[in-house]
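User: I'd like to learn how to read a protein model feature by feature. Could we take one and walk through it together?

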Amino acid sequence: MENAIKDWRGRAYLPGPVPADRTRMFWLAWGAMAAISPLQYGYAALLAQQAAGLTLLAVWIACQAAGALPALHLVRRGRLDVRTALAAGAVLSGVGLAAAALPGGGMSSLLTGGGLATLVGYALLGGLGAGLVYGVCGEVISSWYPERSASRVGLITGAFGYGAVPLVVWAGIAPGATSAAFVVAAVVAVAVIGAAARHLRPAPALWWPDDVDPRTHALDAARLRVTPEAAKQFVLPQALRTRTLPALALILTCAGAVSVFDVIVVAGTGSWAAVALLVALNGTSRSLAMRCSELFGRRRVLAAVLGALALGQVLLAAAAMDAGPVPAGAAMTSAGDGAGATAGGWAGGGVLLWLGVVAAGVGGGAFYPLLASLVREFFGVERAGEIHAVVYSAKALAGLGAVALALLALSMPVAALLTAAALAALPALATPRLRIPGLPATIPL
């Protein structure tokens with residue numbers, strides 16, 4: 001473009017005025033992400049306590065992870081506008097939350113009428129709707145905050161983590177009102193995401209805020225030492241041929257499986273306060289981790305986050321060993337009383353339980369925005385959305401891993417938690433060795 005300016009790497013910018021409603025667009029995207037949180041964390045905490053519920057959660061995670069990539073592909077190429085995508089996401093997310101409220105839907109056999117309705121409404125349609133909202137909101141906000149996209153996207157993905165806290169608290173205080181809580185969440189989701197659909201719009205191509213000099217920003221030595229930029233702007237086929245992209249996907253698969261499993265197993269203790277704390281930390285730790293990564297580097301902070309996640313599993317395993325057995329017949333409650341169900345036949349745990357919840361909560365969500373920012377750092381910003389969507393699609397495998405761990409926890413909670421600790425610890429050890437693609441191997445890490 002004729003009016004574009006370029007930095008020392010050849011990246012083009014079109015500086016322009018900051019729209020007056022940019023802040024409002026951010027908060028609308030934040031609200032939309034919070035509105036879809038009950039679909040994952042609320043359902044995992046309250047309804048995914050038997051094989052049928054776990055299967056539904058795994059299908060939902062697969063649909064949510066798979067829905068983000070085609071949505072971004074269509075939006076980027078102008079075949080689907082943001083308003084239409086978010087409007088569809090509002091309707092589908094509302095349907096998913098309403099289906100989760102069906103009596104017995106989360107706990108009954110998938111072959112019954114309620115189970116089939118929940119499979120289609122919650123797992124399939126709700127998953128696709130959440131994928132649309134998650135992918136489009138992240139893309140829009142990153143386009144309006146190119147000078148600090150990592151921190152801003154980290155803030156809205158944090159809302160996806162802690163947005164389910166009100167639902168969990170409500171159901172914990174009044175277990176019989178779980179279905180009503182999901183109905184209210186459905187109404188809120190349709191209203192909030194619908195408002196986002198009306199106002200959100202992507203920034204123009206190559207847009208950059210005119211109050212920040214892009215060439216000075218690109219030459220900021222202090223920033224580049226901590227968060228270096230990509231060797232070049234990769235396109236998706238080039239990124240797929242590197243070793244780094246599969247490594248990032250594997251990290252997300254392992255950590256994502258442990259993160260969802262933690263919500264299920266902590267819900268099994270019967271302490272809704274512990275579940276609420278876990279979910280709250282899952283979200284709030286994301287923005288904190290992004291701020292730390294700007295001071296100490298993405299890879300170091302990611303390794304620390306995964307280490308905290310692994311430590312949380314060890315502490316929870318110790319709590320499970322110290323806790324007394326649950327009386328016979330109390331292993332499961334009704335679908336409407338998910339907060340009182342037990343996923344592994346253990347309850348209590350005292351101080352070890354709370355320490356495990358804190359460590360698992362701090363590590364259980366922060367890796368998502370860190371991986372997204374590493375995609376930008378490794379592969380450039382021009383196709384970061386599409387490349388990250390491929391990495392994020394590995395969450396479908398993470399859902400299967402979470403279900404496998406939860407099924408193991410039904411009979412052997414300690415073994416399941418120690419397995420989860422290994423799944424988090426191995427990527428933590430490998431993360432510092434990640435290398436920016438395209439740089440010579442002789443350049444030290």
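User: Let's start in a loop. Where does L206 lie?

Analyst: L206 lies in the loop between α7 and β3. Keep in mind that this is a predicted model. With a relative accessible area of 34%, L206 is partly exposed.

User: What is there to notice about the phi of L206?

Analyst: The general idea comes first: most residues other than glycine have a negative phi. Here, phi of L206 is near 65°, a positive value in a residue that isn't glycine.

User: Since the model is predicted, what is the mean pLDDT of the chain?

Analyst: The mean is 85, and 89% of the residues reach 70 or more. There's a stretch to treat separately, though: over residues 326–345 pLDDT stays under 50, and the model has 56 contacts there beyond four places in sequence.

User: Now the overall make-up. How many helices and strands does the chain have?

Analyst: You'll find 17 helices and 3 strands. Of the 445 residues, 56% count as buried. Among contacts with a separation of 6 or more, 84% are between residues 24 or more positions apart.

User: On to salt bridges. How many does a search of the whole structure find?

Analyst: It finds 7. D21 sits in the loop between β2 (12–16) and α1 (22–46), and R201 in the loop between α7 (178–199) and β3 (207–209), so the pair ties together parts that are 180 residues apart in sequence.

User: Which side chains meet in a salt bridge at 4.0 Å, N to O?

Analyst: Those of R299 and E377. R299 lies in helix α13 (residues 298–322) and E377 in helix α14 (residues 350–379), so this pair ties together parts that are 78 residues apart in sequence. R299 is buried, with a relative accessible area of 16%, and E377 counts as buried too, at 5%.

For another case, take R148 and E147, whose closest N and O atoms are 3.3 Å apart. R148 is partly exposed at 34% relative accessibility, whereas E147 is buried at 17%.

User: How do I read a helix that has a buried side? Which residues of α16 are buried?

Analyst: A quick length check is a handy start. The 17 residues of helix α16 (residues 395–411) should span 24 Å at 1.5 Å a residue, and the end C-alpha atoms are 25 Å apart, which agrees. The buried residues are K395, A398, G399, A402, V403, L405, A406 and A409. Looking down the axis of α16, these fall within an arc of 165°, so they line one face of the helix. On the other side, L397, L400 and S411 are exposed.

User: And the core? Which residues have the most contacts inside the largest nonpolar core?

Analyst: Y122 and F261 do, in a core of 126 residues. Helix α1 supplies the largest share of this core, with 15 residues. Setting aside residues up to four places away in sequence, F261 touches Q313, A402, L405, A406, A409, A416, L417 and A420. Of these contacts, A402, L405, A406 and A409 are among the buried residues of α16.

Definitions and conventions. Residues are numbered from 1 along each chain as its sequence is written. This is a predicted model: local features need pLDDT of at least 70, side-chain atom pairs count only at pLDDT 80 or more; totals for chains, interfaces and linings use all residues. Side-chain values use heavy atoms; hydrogens and water are left out. Helices (H or I, at least four residues) and strands (E, at least two) are DSSP runs, numbered from the N terminus. Buried means under 20% relative accessible area, exposed over 50%, partly exposed in between (1.4 Å probe, protein chains only). pLDDT is the predictor's confidence in each residue, from 0 to 100. Contact means heavy atoms within 4.5 Å. The expected span of a helix is 1.5 Å times one less than its number of residues. The arc is that of the directions from the helix axis to the C-beta atoms. A nonpolar core is a set of buried Ala, Val, Leu, Ile, Met, Phe, Trp, Tyr and Cys residues joined through side-chain atoms within 4.5 Å.
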